Number of protein chains: 2
Amino acid sequence: MTSPLKTHDKIRHAAAALFAERGYSGTSMSRIAERVGIRKASLYNYYSAKEELLLDLLEESLQSWEDSCRLSLVAGGSAEERLSGHLLAVIDFARKNPQKVGIVRLAATQVGGKLGRRIAALIEKHEQHSLPLLSRFFSEAKANGDVDATDEDLLLFWSVFVDGILINQLFATPKAEHYVNRLPELWRLFWRGVSGEEPDRELKG
Amino acid sequence: MTSPLKTHDKIRHAAAALFAERGYSGTSMSRIAERVGIRKASLYNYYSAKEELLLDLLEESLQSWEDSCRLSLVAGGSAEERLSGHLLAVIDFARKNPQKVGIVRLAATQVGGKLGRRIAALIEKHEQHSLPLLSRFFSEAKANGDVDATDEDLLLFWSVFVDGILINQLFATPKAEHYVNRLPELWRLFWRGVSGEEPDRELKG
DNA sequence: CCTACCGATCGGTAGG
DNA sequence: CCTACCGATCGGTAGG
């Protein structure tokens with residue numbers, strides 16, 4: 001019973017796909033319009049400029065990513081269970097929404113100019129929601145003796161670990177499944193690093 | 001006694017800086033020429049097309065990266081010393097050559113079309129030099145009991161770790177120094193993950 | 001949502 | 001290494 005997409009949503013989908021594939025400058029408004037099946041000028045009924053279209057997509061990508069991953073971290077269970085659950089949520093989101101991750105990656109690399117500054121501000125705004133949550137998680141885990149390092153180092157190691165997985169999943173596209181299949185092993189090495197001990201149970205995806 | 005740069009080198013420097021900042025499509029041949037101080041048409045005495053310019057820069061970046069990091073892995077010392085030395089070499093190269101790393105990142109994201117295929121082929125060619133070296137390192141380390149995981153998992157965990165650090169260093173540019181200062185702590189967590197034991201000595205950059 | 005159009009700029013070539 | 005130029009396309013607007 002899926003109703004046909006409204007034009008505005010078709011624009012979002014077409015633009016997300018093209019931006020993620022070809023980059024911001026590499027994607028023209030005409031090509032987006034062509035994929036939607038309308039004329040370029042009609043796009044300007046929905047967005048006043050190409051820049052606004054990208055920022056709308058970025059905002060939505062960041063928001064839905066945050067929404068998909070926040071809960072897992074504050075759910076019940078041991079620190080190990082909660083953090084591994086969070087990892088699975090992040091990876092799962094990236095697998096199911098490669099274009100949204102692509103938009104975030106694209107935006108993050110667009111550092112120059114006014115557009116770059118607006119993007120940086122948007123990303124920072126969202127980090128102010130997600131980082132404190134992680135920070136609190138690690139301090140509690142440390143207080144409980146579940147992990148063995150300062151909160152700051154744990155947060156850093158976590159960022160490195162997650163970003164590294166995402167990058168490898170995103171770039172080595174033909175081998176992306178390979179990485180996902182190896183998550184339990186990667187998790188074992190990661191958890192041994194942060195806790196100094198073997199994980200209690202194997203990660204299951 | 002640094003002699004003035006020849007035009008060809010000026011072109012390479014200007015193009016690398018602009019590509020790294022603005023991306024491939026976001027950088028025009030006129031702008032490159034402008035920064036060099038010549039006319040756009042003159043660029044075509046050095047490169048037959050914009051595409052060739054990017055590929056030349058990419059080849060050179062990959063080659064000099066490889067040259068800077070290969071030795072550290074096959075030097076003398078314990079497995080821990082060699083791998084941590086290799087990590088320092090990689091990070092140090094990235095710090096000193098942000099534009100070269102930027103070119104590689106840019107190129108890796110350019111997946112579509114004929115250009116994307118040529119880039120992928122170039123990157124794959126270079127991986128055929130570097131990956132076997134790492135692979136052999138991990139198998140020997142495992143045979144010696146220095147690490148505790150399969151070679152394949154170690155290689156994967158290593159890639160994730162290094163790429164994660166590079167990404168965080170590249171993107172969170174204002175805080176890049178912060179990451180570099182935390183390398184010893186990150187290394188400790190990483191090494192505990194791969195070996196199951198505390199490192200013998202602190203990493204020194 | 002369209003046709004018709006704007007000035008600017010794109011990558012690249014001719015010819016010297 | 002230059003001037004002069006090419007056709008194509010860019011983001012965006014006017015007006016309906």
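## A buried glutamate in chain B

Glu66(B) counts as buried, at 12% relative accessibility. The model it belongs to is a predicted one. Glu66(B) sits in helix α4 of chain B, which spans residues 50-74.

Which residues does Glu66(B) touch, leaving aside those up to four places away in sequence? They are His126(B) and His129(B). With His129(B) there is also a polar contact, side chain to side chain, of 3.3 Å.

## An exposed glutamate in chain A

Glu34(A) belongs to helix α2 of chain A. Is Glu34(A) buried or exposed? Its relative accessible area is 59%, so Glu34(A) is exposed. The C-alpha atoms of Glu34(A) and Ala14(A) lie 9.2 Å apart in space. In sequence, 20 residues separate Glu34(A) from Ala14(A).

## Where the two chains meet

Chain A and chain B bury about 3,400 Å² between them. Carbon and sulfur atoms give 61% of that area. Three residues, Leu156(B), Val160(B) and Leu189(B), supply 18% of what chain B buries against chain A. That is more than any other three residues supply. The contact draws 39 residues from chain A and 39 residues from chain B.

Charged and polar pairs also cross this interface. Eight salt bridges are found between chain B and chain A. Arg188(A) and Asp148(B) form a salt bridge through their side chains, at 3.1 Å from N to O. Residue pairs in polar contact between chain B and chain A number 14.

On chain B, which elements give two or more residues to the side that touches chain A? They are α1 (7-22), α6 (98-109), α8 (151-171), α9 (176-181) and α10 (183-195). The largest share, 13 residues, comes from α8(B). By class, this side of chain B has 15 nonpolar, 12 polar and 12 charged residues.

## Around DNA strand C

DNA strand C is surrounded by 16 residues. The closest are Thr7(A), Arg39(A), Ser42(A), Asn45(A) and Lys40(B). Of the atoms of DNA strand C that come within 4 Å of the protein, sugar and phosphate account for 52%.

Some contacts go to phosphate. A polar backbone atom of Arg39(A) is 2.7 Å from a phosphate oxygen of DNA strand C. Asn45(A) reaches a base: an N or O atom in its side chain is 2.8 Å from a base nitrogen of DNA strand C. Two or more residues of the surface near DNA strand C come from each of α3 of chain A, α2 (29-36) of chain B and α3 of chain B. That surface divides into seven nonpolar, six polar and three charged residues.

## Around DNA strand D

How many residues surround DNA strand D? There are 16, the closest being Lys40(A), Thr7(B), Arg39(B), Ser42(B) and Asn45(B). Sugar or phosphate holds 51% of the atoms of DNA strand D within 4 Å of the protein, and the rest belong to bases.

For Met29(A), a backbone N or O atom lies 2.9 Å from one. For Arg39(B), a backbone N or O atom lies 2.8 Å from one.

The surface near DNA strand D takes at least two residues from each of α2 (29-36) of chain A, α3 (40-43) of chain A and α3 (40-43) of chain B. Its residues are seven nonpolar, six polar and three charged.

Terms used: Residues numbered from 1 in each chain as written. Chains lettered and ligands numbered in written order. Predicted model: local features only at pLDDT ≥ 70, side-chain atom pairs only at ≥ 80, totals over all residues. Heavy atoms only, no water. Contact = heavy atoms within 4.5 Å. Buried area = accessible area lost by both parts, 1.4 Å probe. Salt bridge = Lys/Arg side-chain N within 4 Å of Asp/Glu carboxyl O. Polar contact = N/O pair within 3.5 Å; in protein donor to acceptor, adjacent residues only side chain to side chain. Helix = DSSP H or I, 4+ residues; strand = E, 2+ residues; numbered from the N terminus. Nonpolar A, V, L, I, M, F, W, Y, C, P; charged D, E, K, R; others polar. Near = heavy atom within 4 Å. Buried < 20%, exposed > 50% of the residue type's maximum accessible area, 1.4 Å probe, protein only.
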